[in-house]
Amino acid sequence: MYRTLRTIHLLAGAFALPMLLMYATSAVQMAHPGWFRLKPAVSESRFTLPAGSNDGRRLAYNLMAARNISGELQQLRSTAQGYEFRIVRPGTVHEIRYDHLTGATHLQTLASPFIGVLNRLHHAAGMAHHDYLPLTMWGVLVALASMATVTLAGTGVWMWWLRRQQRRSGLILVGANLAFTLAVFLILRLG
Amino acid sequence: MTGLVRKIHIWAGLLVLSQLAIYGIAGLTAGVYASRARPNRPRSVRHVSFTPPANATDRQVAGLIYQQLRLPFTRPMPDWFLRHTTDHHLLLDFYNINGIYRVTVLEDEQRLRIEEIRNNLWLFMEDIHAATLADDGAPMPVRLWALWNEVALWSLAGFCLSGAWLWLATSRRHPWAWSALAAGSLAFAILWGTLR
């Protein structure tokens, strides 16, 4: 049994290793925001698209194809002048303003540094609501890494229990952790 | 050396066991709930008498209500969070770790309507997993949880390193482990490259 558990533990850990490192690093950043610089690099460009577009979604997809911009279309809204929308990938936000009468288009790109990308990836999840396939695939990977994490916790505890020589010391630690968790949960949920 | 690393790996794992399980559950919950709106239907509604002082600003009224109601695990309402209903009643959403206390100031009726919108246990775990010490204004139980979370997030980084050590020291030739690492790394690298 111990060998089987160890193999499952090892496989889950090896598969999830890059994701767990990403989560650990970005969690440190979020817990200590002052240690890192998150200021994005900003670039701007102005160009002209065909005037008179009255379909914001089509306009956005045409722009993405023409300017080789990939990401998820967000916050599309009609304004007095034309359209405003964002095209978003984790760590990169393109903000676009389009003038309906003249076709004048303003594109502002905010690109986060490496740690900022990790932060955004940490928050990216979900498999069903994205119209950008890589984000959906990322959601699948997040789900697999999450299952691996639960598996690591479960097999880890089971292996520890089978290692008789470390039961007593481990019981103190796991007992403290479970008692603390139960107490905080009860206080917060019933308080 | 390997024996010591194994002991630390096990002890640290047991010390933050709940946090690790909650991280996994939070990831799965986020995967499900990211595509849905959070609960917005009140679990309970009650009314409390309240007469706002004459000429008080919305901000002052919000502060007074916060002081008077002392709703559990809420914090003072920031100015930018003040809203009004379509019929012009002041609407205060007091967010907390369990959901929202939605308070509507019914000035003409001289009372408050307090709706409790409660998150389920899965969403609670998703929210509690994100508690950090960087949030100075969090209620004390959440701060305590954040303290343990701090240990857990450093431990998580440590598990990656100590786990890799134990693998290479004891089961280096395990072919399936290398395959699993390659699969996870490849998927991560491809998506990283695509998303960048």
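Reply: Two strands are said to pair if DSSP finds at least two bridges between them. By that test, strand E1 (residues 41-48) and strand E5 (residues 104-111) of chain A pair over eight bridges, in the antiparallel sense. Everything described here comes from a predicted model. One bridge brings Ser45(A) together with its partner in E5(A), Leu107(A).

E5(A) also runs antiparallel to E4(A), to which seven bridges join it. Here Val93(A) has Leu110(A) of E5(A) as its bridge partner. Four residues lie between E4(A) and E5(A) in their hairpin, where Gly103(A) takes a positive phi near 80°.

The buried residues of H2(A) pack against strand E2 (72-78), strand E3 (82-89) and strand E4 (92-99) of chain A.

The length of the helix can be checked by simple reasoning. H2(A) has twelve residues, 56-67, and at 1.5 Å a residue they should span 16 Å. Its end C-alpha atoms are 16 Å apart, which agrees with that expectation.

The next matter is which way the residues of the helix point. Leu59(A), Ala60(A) and Leu63(A) are buried in H2(A). Viewed down the helix axis, the buried residues fall within an arc of 100°, so they line one face of H2(A). The face turned away from that buried side carries exposed residues, namely Arg57(A), Arg58(A) and Ala65(A). Just after the helix, Asn68(A) has a positive phi of about 55°.

Most residues other than glycine have a negative phi. Phe73(B), which is not a glycine, has a positive phi near 60°. Phe73(B) is found in the loop between helix H3 (58-69) and strand E2 (83-84) of chain B. With 18 other C-beta atoms within 10 Å, Phe73(B) is partly exposed. His88(B) likewise has a positive phi, of about 70°, although it is not a glycine. His88(B) lies in the loop between E2 and strand E3 (90-96) of chain B. It counts as exposed because 8 other C-beta atoms lie within 10 Å, and the limit for an exposed residue is 12 or fewer.

The surroundings can now be widened to both chains. The largest nonpolar core has 57 residues, of which Ala14(A), Phe15(A), Ala16(A) and Leu20(A) touch the most other members. Helix H1 (residues 2-31) of chain A gives the largest share of this core, twelve residues. Apart from its neighbours within four places in sequence, Leu20(A) is in contact with Ala145(A), and with Leu156(B) and Cys160(B) of chain B. A second, separate core has twelve residues, including Phe50(B), Phe94(B), Val105(B) and Leu112(B).

The contact between the chains takes 57 residues from chain A and 52 residues from chain B. On the side of chain B that touches chain A, two or more residues come from each of helix H1 (2-15), helix H2 (17-33), helix H5 (140-170) and helix H6 (175-195) of chain B. The largest share of that side, twelve residues, comes from H6(B). By class, this side of chain B has 37 nonpolar, 14 polar and one charged residues.

Note on methods:
Residues numbered from 1 in each chain as written. Chains lettered and ligands numbered in written order. Predicted model: local features only at pLDDT ≥ 70, side-chain atom pairs only at ≥ 80, totals over all residues. Core = buried A, V, L, I, M, F, W, Y, C linked by C-beta atoms within 7 Å. Buried ≥ 20, exposed ≤ 12 C-beta atoms within 10 Å, placed from the backbone. Contact = placed C-beta atoms within 7 Å. Expected span 1.5 Å × (residues − 1). Arc of directions from axis to C-beta. Nonpolar A, V, L, I, M, F, W, Y, C, P; charged D, E, K, R; others polar.
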